[in-house]
Amino acid sequence: MPVCFPPPGYVRTESAVEGIELYRQAPELLAHRRIETFDCPQCAGQRAYSVADGGLSCVNCGYYEPPSRPMVGKGAESFEFTVETMTRVARGWGHARKDLHCQYCGAHTTLPPTLLSYSCPFCGSNKVIQRDAPQDALRPRFLAPFALTEGQCQETITAWLRGHWLAPAALKRVAHGARLAAIYLPFWTIDATAHANWRAEVRRVRRIGGKTRVVWRWESGKVTQVFDDWLVPGATHVNPRLLEVVQPWDLAALVPYEAAYLAGIQAQAYEVTLDAAWESARRAMREQVRQRCRGQASSRRMRNFSMEMQYRDENWRYILLPLYLASYEHNRRIYQVAVNGQSGKIGGQRPADWRKVLGLTLAWLLPSLLAALIPAYFLPPSDLALTVSVLGALLFVAGLAFTVYMVTTALRMEGKGR
Amino acid sequence: MTTNGASLPGWGDAALVHCRVCDWSFLQPRDLQVTACPHCYSDGLRPLAVDHDLLPYVRPAEAYLPFALSEDQVRAAVRAFARGIPLAPIDLQPQRLSQRLQAVFLPRWLVDAEVAATWQAETGFNYDIVSHEERYDQNRGGWRTQQITETKVRWEPQVGRLKRQYHNVAAAALDEKPHVRRQLGAFQTAAAQPFRPETAAHALVRLPNRSPQDAWPEVEVELRKTAAGECRQAARADHLREFRWSPEFADRHWTLLLLPMYSTFYLDDEGRPRPVLIHGQSGRVSGLRRASMRRARRLASILAVIAAILLLASVLAVAIGSWLGEAQVQALGTAGVLVGLLVAASALAPLGVVWLFNLSQRRHMQVFL
């Protein structure tokens, strides 16, 4: 029995029976946390999260305050899929933030109140409506801090934009002016263990009496697969392919959510609900398990395949992952670039210089076409004329192939091709 | 037997009696005629002339459970007990069992106590989680998902203080309580009524042979159990485990609750009394039903003698028939031999039946007291 009563960390709670006092562990005060401000204690200026130092730095005097919470990584607490847990989950952002709604692309973003100018990081539009961030939204419990500074990111983007020979020359100027936004994107991580039983008729070929006969034989099996930290994006306004390209994320770097990490940095609240995220993850998981079940069979050819599958130990986390988003305008089109805020892996859309494509196409195809046709029609038949014609035809075919390559590359750059 | 033993305050006009044979003590209403000790069924009951201060275990009764059976119900229970016994002992007759019926109250301690304690436990709260089961059938259009709900328990440590008054916590006042419970079953204590001396005017009251000191650990266990249940209620929890407390008890007050029972007996082959007990509320009868091996042996002997005579006569008939050359006499003698053998074999049946019956009853035998 505890020597001091009540033990430290315990608070009195309501008892349903007279004569019995009740004390329980004090709950973590997460619900509607007090609003934090990030005023500098030295100069009263504004502090912001410093990616380079991993703490809060004052933009005026350089006052630095290290982060107070340790890294938890993949051991970060996860939650079960209960209605009660959902309501128990801490709410709100924990500090005053403005919620901005983009009238152009519909994205919701929250940002610190000190940020005066704003354009949507997803589409670059400045047509935004400002309102207070809702405190009753699920609050993320963990986040992975930025490991890449804005300067490093800018260099990466510039190099990437300049780095393609099909990119327009004007893009080199745009690269400097790209609007870069550090943003925490919402993600759901989902853990589950899937147990599946399958059976199917599997095709076997047997030689009986010198003849080949097809025999269908029933086979069955079991598969157990553990899914750990299956990531489902909680944002709908970032191209999912972009997010795939900039993966993976290092979840070992997760830290408990602290408002300080968001000081001066934008963040987006989830738009994909937990239910929807879980359903999306289940669809992907069950397909993986189905493939594993089919892989257990002694032959790939089967019929009447059926399987039953149960999920156990289903847990989820709501986390924020760091991303730099840049959007720039070129020829009245908005292009999006994303950079993984941890690894610097980049993905995005780049405009292709279609004039360059056309010019190169013409520069290749026209001479080769002329080389193929002129000797055939205008020169007397000779070995030389035949050779030139054949060479011209070959060059024309090669030019066609090159044109196809250029067009597909250009389309892929613009995010239209696969 | 009318007693003139010592009386006890709070018990009305009843006297202390003591059985010299089994060393049991009872309170006997002075107007009640008791022929035999309801425990050992001997005539060893004698008045006990001692000062009640020398009876440290005796406390006034606070409540009693009334006898709930009518006379007819008791007789019916007795008849049911005696029915269906092959070759029952001569003494095992419903009339005799009914004549010997003796109403007895068995004691149980009731304890009031004030408890002050600090406690700690893990309280469990039920919660539902949502899970899914998926079925895939190639021939039925792919995937089908079923949502299932599973109840789990969330455990939370809690501590607390308790200051409660507990009333009428029951504990055994007889060392033989486990046997009584096993034989008769539980009593419906909700039917308890305040004790008045006249309510025990027709029954003997068994005096406790287990001291409050000996009974206290049982009370403490019961108090702990009750307190744990109340702490669970206080926390509005669904479960409680790892309950630990540091209690201090005060104002302990001991009284008795009287439980109704009928006692009767029958004499077996050896003349030993075999107890038959009847629950005073439910009418459940408990006792060893024995068949009489003596009667079985007697019946077997008679059958054996008949078989011997039949065999002798038949053998003679066969011998005479063969000497005279009378085939009919020979055939009659042969048939007689067969019948004689049959009767001889059947002589074993009563012994076997009784042996098997007693064996089957022994499995259910519970030695009371």
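**Reading the backbone, the interface and the cavities**

Reply: D313(A) is exposed, with a relative accessible area of 51% (exposed means over 50%, buried under 20% and partly exposed in between, with a 1.4 Å probe and protein chains only). The model is predicted, so local features need pLDDT of at least 70 and side-chain atom pairs pLDDT 80 or more, while totals for chains, interfaces and linings use all residues. Residues are numbered from 1 along each chain as its sequence is written, chains are lettered from A and ligands numbered from 1 in the order written, and side-chain values use heavy atoms, without hydrogens and water.

Me: What is the phi of D313(A), and where is D313(A) found?

Reply: Most residues other than glycine have a negative phi. In D313(A), phi is positive, near 50°; this residue belongs to strand β15 (residues 302-330) of chain A (strands are DSSP runs of E, at least two residues, and helices runs of H or I, at least four, numbered from the N terminus). Y41(B), also not a glycine, has a positive phi of about 60°. Y41(B) sits in the loop between β2 (25-29) and β3 (45-47) of chain B and is buried, at a relative accessible area of 10%.

Me: Which residues does the cis peptide bond with omega about 5° join?

Reply: Most peptide bonds are trans. Here a cis bond with that omega joins Q247(A) and P248(A), and P248(A) lies in the loop between α4 (240-246) and β13 (255-256) of chain A. The bond from F5(A) to P6(A) is cis as well, with omega near -10°; P6(A) is in the segment before β1 (10-13) of chain A.

Me: How many residues of chain B are in contact with chain A?

Reply: Contact means heavy atoms within 4.5 Å. By that criterion, 39 residues of chain B touch 39 residues of chain A. Between the two chains there are six salt bridges (a side-chain nitrogen of Lys or Arg within 4 Å of a carboxyl oxygen of Asp or Glu). E21(A) pairs in this way with R161(B), their closest N and O atoms being 3.1 Å apart.

Me: By class, which residues make up the lining of the largest cavity?

Reply: Nonpolar covers Ala, Val, Leu, Ile, Met, Phe, Trp, Tyr, Cys and Pro; charged covers Asp, Glu, Lys and Arg; the others, Gly among them, are polar. The lining of the largest cavity has nine nonpolar, one polar and three charged residues.
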